[in-house]
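Please look through the predicted model shown below, with its chains and their interfaces, before reading the explanation that follows it.

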Amino acid sequence: MTIKIVIIIFLGFASGLAVGSGFVAFLTVLGIIPRLTQLSKTMKMIQSYEWAVVIGALTGVLASLRDPNLNLSPYLLIPLGLTGGVYIGMLAAGLSEALNVFPILAKRIRLDGKIMILIMAIVFGKIFGSIFQWLYFVHH
Amino acid sequence: MEKTVYIRMRNRVQTRAKETIYLKDAAQIIADDSVLSKLQQIIIHKLTEKDGNIVVIDVMKVIQLISSRFRDVEVQTIGPAQTIIEIVSKEKGVSVPFFLLIWFLLFFGSALTLMNFHDDVSMKSVQEKIYTIITGKRETKPLLFQIPYSIGLGLGMILFFNHVFKKRINDEPSPLEVEMFNYQMDLDNYVIVNENKESMKRVHDD
């Protein structure tokens, strides 16, 4: 019995370790935190940003495993949705940037100066896709 | 007495077709006044039809040209070992239908990718769960979360590319500009090795 519990604890710990380090590695590759510190000029606070990510991830773990119930106002969801959206948006931008799509695209169609217009196409596409999905798509 | 001439090749020269490239176009020169103007007027390349649109001028060629003309000059080179001469044809306008097609392609493609992503990570059930955690009620349409989320999504992308706050926050280059620069450097490096006949040599040993 004890050996089973020890093995389970070990397995749980190992999978948590793998998932956690994978998450951090992913975040590092996409360069979201450096980008945010660069925009806000808060390089000195980088350590507390690390903690924000770690605490956020652990809160997510608690929320998904324990099903807590806070009984708060639904309007609290607006800032949560907004910040969550900004985060996913930066993730998507970081990913498409890491994939090196834009420089090649700009070269191919000789649009070096107006590449922002193309990025706006992607941005509006994302917003449209998201709103369309939640308002219409998932209910049909 | 030997005079020293300092030459620094420019990284990139843009010119029109069938022009003559003088040394002063392709390089920065520091030299004694007595030779400077003659040096500047040395012709290092005459562009012809068959040059294509990229020519690489190696510093070795420049040194050879200078030393064949001036016996008592010592050439010191600094910086890049070659100049890329890029022949720009007259600006072609971007065709509007082509542009609109690409714009729509990107627009719809991103919309589709995002919906696939949401489906892939079960975004719907996660959002419903967040709604339940905060309010204690069940809701199959947590629009109060979803609409700000969708707007924030676009905001995050714009923030990442530093589009809106470009001048206001700081003037560091955005990741996109750095990425474009890196891509250009990669292309240049390729051209330097492949367009320059002297930079590769096969010695057959059979």
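Apart from residues up to four places away in sequence, Ala81(B) touches Met9(B), Ile57(B), Asp58(B) and Val59(B), where contact means heavy atoms within 4.5 Å. Ala81(B) belongs to the loop between β7 (73–78) and β8 of chain B, the helices (H or I, at least four residues) and strands (E, at least two) being DSSP runs numbered from the N terminus. With a relative accessible area of 34%, Ala81(B) is partly exposed; on this scale buried means under 20% relative accessible area, exposed over 50%, and partly exposed in between, with a 1.4 Å probe and protein chains only. Although Ala81(B) and Arg8(B) are 73 residues apart along the chain, their C-alpha atoms are separated by 8.2 Å.

The model is a predicted one, in which local features need pLDDT of at least 70 and side-chain atom pairs count only at pLDDT 80 or more, while totals for chains, interfaces and linings use all residues. Residues are numbered from 1 along each chain as its sequence is written, chains are lettered from A and ligands numbered from 1 in the order in which they are written, and side-chain values use heavy atoms, with hydrogens and water left out.

The next topic is the arrangement within chain B. Its domain assignment gives domain 1 (3–87) and domain 2 (111–194), with bounds that come from an automatic or database domain assignment. Taken over C-alpha atoms, the centres of domain 1 and domain 2 of chain B are separated by 46 Å, and the contact takes five residues from domain 1 and four residues from domain 2. About 410 Å² is buried between domain 1 and domain 2 of chain B, and carbon and sulfur atoms give 67% of that area; buried area here is the accessible area (1.4 Å probe) that two parts lose on being put together, summed over both. Of the area that domain 1 of chain B buries against domain 2 of chain B, Arg12(B), Gln82(B) and Ile84(B) supply 69%, more than any other three residues.

Across this interface of domain 1 and domain 2 of chain B the rule finds one salt bridge, a term that stands for a side-chain nitrogen of Lys or Arg within 4 Å of a carboxyl oxygen of Asp or Glu. Asp188(B) forms a salt bridge with Arg12(B), and the closest N and O atoms of the two are 2.3 Å apart. On the side of domain 1 of chain B that touches domain 2 of chain B, the elements that give two or more residues are β6 (54–58) and β8 (82–87) of chain B. The residues of that side divide into three nonpolar, one polar and one charged, where Ala, Val, Leu, Ile, Met, Phe, Trp, Tyr, Cys and Pro count as nonpolar, Asp, Glu, Lys and Arg as charged, and the others, Gly among them, as polar.

Between the two chains, the contact takes 61 residues from chain B and 72 residues from chain A. Chain B and chain A bury about 6200 Å² between them, with 76% of it on carbon and sulfur atoms, and Ile134(B), Met157(B) and Phe160(B) supply 12% of the area that chain B buries against chain A, more than any other three residues. The rule finds one salt bridge across the interface of chain B and chain A, and Lys129(B) forms a salt bridge with Asp67(A), the closest N and O atoms being 3.4 Å apart. The elements that give two or more residues to the side of chain B that touches chain A are α4 (96–120), α5, α6 (143–161) and α8 (175–194) of chain B, and the largest share of that side, 18 residues, comes from α6(B). By class, the side of chain B that touches chain A has 36 nonpolar, 18 polar and seven charged residues.

Asp67(A) is found in the loop between α3 (46–66) and α4 (77–98) of chain A, and its phi is near 45°, a positive value in a residue other than glycine. Ser122(B), in the loop between α4 and α5 of chain B, has a phi near 50°, again a positive value in a residue other than glycine. Most residues other than glycine have a negative phi.
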